[in-house]
Amino acid sequence: MAILWDDKNKVFSLHTKHTTYQMKVDQFGFLLHTYYGSRIQDDASYLLVCQDRGFSPNPYEAENDRTYSLDALPQEYPFHGSGDYRTTAFDVCDGQNISGCSLKFHSHQIIQGKYALDGLPAVYADVQQAETLMITLKDERLHLDVVLYYGVLADEDVITRAVKITNRGQQTLTLAKALSASVDVLTGDLDLVHFYGRHAGERTMERTHLEHGAFSIGSYRGTSSHQHNPFVIVAERETTERSGNCFGMCFVYSGNFQCVAEKDQYGQTRVTMGIAPERFQYELAPLESFTAPEVILSYSDAGFETLSHRYHHVIRHHVCRGAYKLTRRPILINNWEATYFDFDGHKLFDIAKQASELGVEMMVLDDGWFGSRNSDNEGLGDWWVNEDKLQGSMREVSARICALGMKFGLWIEPEMVNENSKLYREHPDWAFTIPGKKPVRGRNQLVLDFSRPEVVDYVCDHIFKVLDDAHVSYVKMDMNRSISDVYSAVKGQPSEGKVLYRYMLGVYDFMERLLTRYPDLLLEGCSGGGGRFDAGMMYYSPQIWCSDNTDAISRLHIQYGTSFAYPISTVGSHVSTVPNHQTGRIVDFNTRGIVAMAGSFGYELDLNLVSDAEKQQVRQQVEAYKKYWHLLHDGKYYRLTDCERDHDKAAWMFVAEDQSEALVQIVKWTADCNGPVLYVRCRGLDPDAIYVADDGQQYSGAVLMHAGIPVRALWGEYQAYQLHFVRQNEQ
Ligand code: GLA
């Protein structure tokens, strides 16, 4: 049993293979958090220390006992109204707009299998792989039920959390804050590792020391955003890549979020995660429920490397779904950077033909194939094929590509509309605009109100019509602006928070319908590159375009930050032309190939325009990717250098689960004359085994890990190396 209830001491213990999570129902019925860490058998409630704390008030139930205060005790789901002045996870207002509640333990239920969340993405598992704990807290005055969900995947070393809130009374309540998870840490000098960025520069790792006060990251853009990723690591100061204690919080949601880490007056730290409370205001009518999306927790006492392995595994096996979840993705060529909007049927075919001759397996037609879409100022929303531009129907275009032996893929941006479109002229009220106010535009487009089912229906109907009529194996689903002017022209005029939450449910519904109708489809997520690169999207799209920045050197940083939470198979990465369109940098074709291979691989240029020598390299890269994809996607990923701090090289490697094979990839940052030799130490190999390199040289696993391998300087900047090792007798 992974979940244990000690009825006598009122303690819940959630055990995974290597970790334990504990809670206790106290003498007054409050649910306290007592422990999250390496696996233990004991009851950790002896860690709770009650003392008389000035200006930390006491619940009425404590009578004259001034040593009991929820302002000082660690809690499981801290709420406003308990006398706890730290950041809370929950706040609700009654019909008179009075906030303050008292959530007390009511009951619990343990079931075999993993809970699911209606309309929301969540970790899934076979019945025997998981257990679920549901703890019901109640507020008697408000007639409010708060059910805390815990999913325990013992073999994955993962615990998930979600919350369902139901109004059982007669009056409408308003949720001011309903976060998904809160973890109180009793002691320690802690850092928050988070991943900030911007468009074309996503997920840069940053480690912030937590001082007294609150440190907060999040997004109010309606998407999880380029600016902050909804994944954080809470780490002890001395924790490193390979040692020390840390735990992660990964939000399985793609809209607004917030993570607050607060160090309190007693040196305790609380970390909360959930939908951002600012402008959230969620009205809950009698009998209505709200579900706070899931957070995936994982704990490691062996540093970030082990934590990443756990997240990679659970996301690849228990979040991603679909026909391409575990199979090799077709090597694709996308025409965006090759043509932008300037293409016709012939040009596309020429790009596809050359690519297919070099072994590329799928042609993706990006933006510009529909309506009057010849620039980014017009046409969004008009999902009918521009047959003049394509010189044929989509059926004909896709058939010509398929006749080359390639698959065919299509770009869409379903959530958007240009004012210059037939859709907007017919349904102006379907776009988010506030009556009487000029809307804020982003990329000259407005956002469709996906909280309204009729809008989602319309977009589904039109896009499905195109897909029904063509041979489409892949869809790239884009979303190219931050949301503003949130106003839904429907009865009752729900609050901004409710509209944005329902908007996300609408987007998830769109993707679910797409995948149900086309079960063999490969869906690639995108939001101006990696603006919605989160575990919520991965439930639908097993790969996401990682960044609009295709410069291989910029990608080293972006892919490094991305690797802390997300499996390599989720990272869409392409070889593009030089000088790079985003940075102007010139990087060798070989280096561009090696960096792009650390992901779901493809090309984003016109291969008719590259040299014969580079064409030959394309053939080799295609072969290499086919040979190594198993290692790249199913192997364990090891960061061998710190991309933000190491100045001579970036290195990482992949090791087969059974340690029979490994692939090391290295990029040298600089070019120097008569410089030092670079040495790279491997990880994850069997120390006692002998590994044979591609040049026949033999090494023990131990020497590769402890002494490393020398990397000779090649001519020029940003040179890349790829070293492949196979355990002896397995070649
Ligand atoms: C976004 C995407 C690009 C491309 C363009 C098309 O920026 O990230 O890859 O699809 O839109 O407009």
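Why is strand β18 (residues 269–274) largely enclosed by the rest of the structure? In this report the model is a predicted one, in which local features need pLDDT of at least 70 and side-chain atom pairs count only at pLDDT 80 or more, while totals for chains, interfaces and linings use all residues. Residues are numbered from 1 along each chain as its sequence is written, and side-chain values use heavy atoms, with hydrogens and water left out.

Strands here are DSSP runs of E with at least two residues, numbered from the N terminus. Strand β18 is largely enclosed because 6 of its 6 residues are buried, where buried means under 20% relative accessible area, with a 1.4 Å probe and protein chains only. In a regular strand the side chains alternate between the two faces of the sheet.

Two strands pair if DSSP finds at least two bridges between them. Strand β11 (residues 181–185) runs antiparallel to β18 and is joined to it by 5 bridges, with Ala181 standing opposite Met273. Strand β17 (residues 257–263) is also antiparallel to β18, over 6 bridges, and here Glu262 stands opposite Arg270. The hairpin of β17 and β18 has 5 residues between the strands, and in this hairpin Gly267 takes a positive phi near 80°.

**The surroundings of the ligand**

The ligand is surrounded by 13 residues, and the closest are Asp366, Asp367, Lys476, Asp478 and Asp548; a residue counts as near if one of its heavy atoms lies within 4 Å. This shell divides into 4 nonpolar, 3 polar and 6 charged residues, with Asp, Glu, Lys and Arg counted as charged. The table gives polar contacts, which are pairs of N or O atoms within 3.5 Å.

| Side chain | Distance to an oxygen atom of the ligand |
|---|---|
| Asp366 | 2.6 Å |
| Lys476 | 2.7 Å |
| Asn480 | 3.1 Å |

On its own the ligand has 300 Å² of accessible area, and the protein covers 96% of this, by the Shrake-Rupley method with a 1.4 Å probe.

**A buried loop residue**

Asp94 has its place in the loop between β5 (90–93) and β6 (104–112), and at 6% relative accessibility it counts as buried. Although Asp94 and Leu142 are 48 residues apart in sequence, their C-alpha atoms are 7.1 Å apart in space.

Technical notes. Buried < 20%, exposed > 50% of the residue type's maximum accessible area, 1.4 Å probe, protein only. Helix = DSSP H or I, 4+ residues; strand = E, 2+ residues; numbered from the N terminus. Polar contact = N/O pair within 3.5 Å; in protein donor to acceptor, adjacent residues only side chain to side chain.
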